Amino acid sequence: WQLFFNWALLMLPWAIIGRFPAIWILWIVLMNTSIVLYHQTFQGIFRFMSGSETGMLWMIFIFNIHLLAAWEFLTERWHWLSERWAIRLIATGSGTALTWLVLYTIFDRSGNRLLPGLVWVIWLTSMSFIYRKTKPDLFMLAGCCLSAITVVVSLIGKQILNHGDAGGFLVLAILVIGMGAGAAFWLKNVHKELQS
């Protein structure tokens, strides 16, 4: 982890002076890699979120969601940060970590199930509101839909398949098709609203 962290430290002045979003994305990738490797080495950070597989996902989510908020806030001040692809990559990193965290708690019988679900609902609601009303972005809304479909299908699938019924796979397939079609229809309507 020290190698990636030191690389990130050494390139931080270059990223500040360069004012180029791709350099900042590289810096973020290095920091995420060092967080993952640090957690694998020490199983936590200062006894916070220690000894669990979910601790690493929490650390990645917290780091990336703070970066996303800071990046979105600073785009109004520094216009060179307004590259949408960079913001979308950071959002993908935070959303993927949180979705995996919720999936882990769905399929794992031990641990706290309430906190990840509550944080996920707050994250999903906030992202949907911000990128639907404040800063419209179809990619972000599609990511929210994908996360919602994944979590809902996993939650229902666990309940259905626990009973060992073979027809459960048909129900899950219909559920995925229905939710996917509903999300596509909603996103298409949002796109039409944004175009007009």
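The questions and answers that follow concern a predicted model.

Q: Why is W58 called buried?
A: Buried means under 20% relative accessible area. W58 has 14% relative accessibility, so W58 counts as buried.

Q: What makes F61 count as buried?
A: The cut-off is again under 20%. F61 is at 7% relative accessibility and therefore counts as buried.

Q: Why is the pair of W58 and F61 called edge-to-face?
A: Ring centres must lie within 6.5 Å to pair, and planes over 60 degrees apart count as edge-to-face. For W58 and F61 the values are 6.4 Å centre to centre and 70° between the planes, so the pair is edge-to-face. Both residues lie in helix α3, three residues apart, about one turn of the helix. In an α-helix, residues three or four places apart point the same way, because there are 3.6 residues a turn.

Q: What makes the pair of W27 and F63 tilted?
A: Planes under 30 degrees apart count as stacked and those over 60 as edge-to-face, with the rest tilted. W27 and F63 have 45° between the planes, so the pair is tilted; the centres are 6.5 Å apart. This pair links distant parts of the chain, with W27 in helix α2 and F63 in helix α3, 36 residues apart. W27 and F63 are both buried, and together with W24 they form one aromatic cluster.

Q: Which residues of α1 are buried, and what do they pack against?
A: A8, M11 and A15 are the buried residues of α1, and they pack against α2. At M11, α1 also bends by about 40°, and P13 follows within four residues.

Notes: Residues are numbered from 1 along each chain as its sequence is written. This is a predicted model: local features need pLDDT of at least 70, side-chain atom pairs count only at pLDDT 80 or more; totals for chains, interfaces and linings use all residues. Side-chain values use heavy atoms; hydrogens and water are left out. The bend at a residue is the angle between axes fitted to the seven residues ending there and the seven starting there. Helices (H or I, at least four residues) and strands (E, at least two) are DSSP runs, numbered from the N terminus. Buried means under 20% relative accessible area, exposed over 50%, partly exposed in between (1.4 Å probe, protein chains only). Contact means heavy atoms within 4.5 Å. Rings of Phe, Tyr and Trp (its six-membered ring) pair if their centres lie within 6.5 Å; planes under 30 degrees apart count as stacked, over 60 as edge-to-face and the rest as tilted.
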